[in-house]
Amino acid sequence: MKYVFFLSLVFSSSVIVEANPAIRVPEKRVSAVVTLSTDYSGMANDVLKNVNEHRRKKGLSPLVMNNVMSAEALKHSQNMASRRTSFGHNGFDGRSNRISSAISGISEIGENVSMGSTSAKEVVDNWLRSAVHRENIEGRYKITGIGIAADKRGILYFTQIFAMN
């Protein structure tokens, strides 16, 4: 399995994004733990729609949402929102290993994280302005998982995991 770590912070209108391309993780469903009970699955679908629209314009195949990867992404977003972990890629190896154990044939995994965006379009636009994040979005990945959680103040945390199998 190939592990590649790239960290990138982009500060724009109090939005922070960070990327970690080429990493592997297993699939698993996780329940919400964050204080706010809002379900962001519709927004996660909009993130995927925006990412796939960009990929289409580049002549790339669309990513397919994976429940195992989405559960890992959601758990990471919840952990960042609740301050159980700091903003970034802490625990990426664990996510990668769990995804690889649950989904056969994973060869690479990447991850983008962001905080502070208020819409799916904004978070994807911010990722696309960063070369490292755009590299994940435009990568040879086939499946993805997206998780979004809010902290007590309503600030949103986004995690998108990419995998190739």
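## A buried serine and a salt-bridge network

Ser117 is buried, with a relative accessible area of 1% (buried means under 20% relative accessible area, exposed over 50%, partly exposed in between, using a 1.4 Å probe and protein chains only). This is a predicted model, where local features need pLDDT of at least 70 and side-chain atom pairs count only at pLDDT 80 or more, while totals for chains, interfaces and linings use all residues. Residues are numbered from 1 along each chain as its sequence is written, and side-chain values use heavy atoms, leaving out hydrogens and water.

**Around Ser117**

- You can find Ser117 in the loop between β4 (108–115) and α4 (120–128); helices (H or I, at least four residues) and strands (E, at least two) are DSSP runs, numbered from the N terminus.

**Salt bridges**

- The whole structure holds 7 salt bridges, each a side-chain nitrogen of Lys or Arg within 4 Å of a carboxyl oxygen of Asp or Glu.
- One of them joins Glu111 and Arg95, at 2.8 Å from N to O.
- Glu111 sits in strand β4 and Arg95 in helix α3, so this pair ties together parts that are 16 residues apart in sequence.
- Glu111 and Arg95 are both buried.

- Arg83 forms a salt bridge with Asp151, with the closest N and O atoms 3.3 Å apart.
- Arg83 is partly exposed at 48% relative accessibility, whereas Asp151 is buried at 2%.
- Asp151 also forms a salt bridge with Arg153, the closest N and O atoms being 3.2 Å apart.
- Arg153 is exposed, with a relative accessible area of 61%.
- Through shared partners, salt bridges join Arg83, Asp151 and Arg153 into one network.
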